[in-house]
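Let's go through the aromatic rings of this protein together. Have a look at the structure first, then try each question before reading on.

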Amino acid sequence: MTRLKIEPMKEPDKIINYWKKEKFTVACIVIFGLTFNSATVLGPIYQGKLIDSIAGAESLDSVIRLAGSFVFLIGMIQLLRYFKRYYIRRFDNNTSAVMRFMIYNNIMHKSLEELGNENIGNLITRAVSDVDVCVEGMRKFTTELFDTGVLMASYLVSMLAYDAKITVLSTLYIPVAMALAEKLKNVIYKYSASFRSKSSYIAGIVYDAIENAMLYRANGIEAQNGQKYDDDLEDLQRKAIKANILENSMQPIYNVIAMLGVITVIYLGGTKVIEGSWTVGIFSTYIVMFAAMANKASKAAKLFNSVQKSQVSWKRIKPYLAEYQIKDKASDIDESSTELSVKNLSFCYPAGREAIIKNISFEANHGEIIGVTGPIASGKSTLGFSLLGLYPYIGSIRIDGKELKDYSEYERSMMISYLGHKPQLLSDTIYNNITLGNEKDITSVMKDVCFDIDLQSMPDGVDTLVGSSGIRLSGGQQARIALARTLLNKSKIIILDDPFSAIDMKTEERIIENLKANYKNSIIILISHRLTIFSRINKIIFLHSDKTASYETHDDLMKSSGLYAEIFNLQCMAGDNND
């Protein structure tokens, strides 16, 4: 079997392009679809001849030869059917994979603001179930184009050859079944859209319940959430019934309407048999053809309704089917030294109107640790986040003489490592949480974050599973694993936002000494509200409540800022008491 190739495609938001992309597969579908459905009409014809042969008391050898030809013909027809179905499924699988591939690429290239505005449940539903529904509609359309369209045409031509009058009169009811399906398409579209929307909402609730399970359990609102979830499930069930009942329950009705013409066939065809112009075999052939065509007509009517459902899903996923994007690769980056120059930096988030930090300036060189602190809501985390270059900023941030915004996104990710408030651990091993899938030696970084001793008490060592969000580890262990991940590549600039909040002070001091000794080619921006170790770092950015900042050494700040001195002294006293 040919290996599935998943490759980017041009204009993925145009549905016709998915058939164009699979030219060979579609060509095979056309060839085998035409051959199979054209040859299918031979089955009833040979069946009628076999009946006439038996009824006419022909020789046994003649009947056996005719029966053998009939069985061989049916076998060949089914073989053609096999190849047609194989290539239909191949088209289905390829198209589904490419759609998901393009959606995933689009999601990975969305800005943080765009991702922040996304509903996770809605996104998951579109990328998974909506793709399935859409591709299923495409598959049915492709299948029925031959199994219904070509086959009906083959039967119709054959029936006209037998008797034009009977054929015209008996098939008058078939357009009625199709017209009824056409009338119902708007109703089905409305119900399908409502069901898909509710399904996305339910997926969001489930994701939220998993992510915040501990919070809800600790506050005793699981029962409340459970009742609401039950109500939403009932509503989803009602919408699912409405969405599916018309599509599926109408199939027998379409069939009955299309089959009403059998009365005409029996009456007029029976008359021709009695008169002797038709044999029993011809009558049998004709009525089998009519029944097959009427059945296919009812499926064609149902197909209209299935296509309506797939159109709902197509409209939901279409906005996520953008052109394939590739991350810019990094140019040669000088690893020998690092210089950071920030001048008149101001920053506000895209949704905000007012700057959170204003006119901040400082400089740093490799081997330095720069502390960032200040009162609550003074912009400490915002300053660290602004240095990533993920959002537009005002002023200048230059790394090695080049403006941060002039580096590509990939280059920035290679030069800057960032640790936010939360450890953000994966439900995986310690090793994979630190390396994120890369094969690297983590021995030294585990020592740097003082985790080597913890590993001695873990039977599986770095292969220890941390559980969902690191639940099997203590808060301090979670923080140090996340810190190890940030330090692993020894990036030019390492931004640490409150990395020691869950770590005791003695461990914090040892880690700081390790950073000073082993990361001399990096600039470390250390954001913290704990100031006891600030006397051991190079310089400090002290953010004031008016959004301005001072940039001085610890000793200078102790003299110039009464607030900084007061906080530092109080924390040192608390530390001494704790000791």
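Q: How many aromatic pairs does the count come to?
A: Keep in mind that this is a predicted model. Rings of Phe, Tyr and Trp pair if their centres lie within 6.5 Å. Going by that rule, the number of aromatic pairs is 16.

Q: Are the rings of Phe32 and Tyr87 stacked or edge-to-face?
A: Planes under 30 degrees apart count as stacked, and over 60 as edge-to-face. Here the ring centres of Phe32 and Tyr87 are 6.0 Å apart and the planes are at 5°, so this pair is stacked.

Q: How many residues apart are Phe32 and Tyr87 in the chain?
A: Phe32 belongs to helix H2 (residues 23-40), while Tyr87 belongs to helix H4 (residues 60-108).

Q: Is Tyr87 buried or exposed?
A: The cut-off for buried is under 20% relative accessible area. Tyr87 has 12% relative accessibility, so it counts as buried.

Q: Are the rings of Tyr86 and Tyr87 stacked or edge-to-face?
A: Their centres lie 4.9 Å apart, with the planes at 80°. Planes over 60 degrees apart fall in one class, so the Tyr86 and Tyr87 pair is edge-to-face.

Q: Which residue has its charged end over the ring of Tyr393?
A: Look 4.7 Å from the centre of the Tyr393 ring. The charged end sitting there belongs to Lys405.

Notes: Residues are numbered from 1 along each chain as its sequence is written. This is a predicted model: local features need pLDDT of at least 70, side-chain atom pairs count only at pLDDT 80 or more; totals for chains, interfaces and linings use all residues. Side-chain values use heavy atoms; hydrogens and water are left out. Helices (H or I, at least four residues) and strands (E, at least two) are DSSP runs, numbered from the N terminus. Buried means under 20% relative accessible area, exposed over 50%, partly exposed in between (1.4 Å probe, protein chains only). A charge sits over a ring if NZ of Lys or CZ of Arg is within 6 Å of the ring centre and within 35 degrees of the ring normal.
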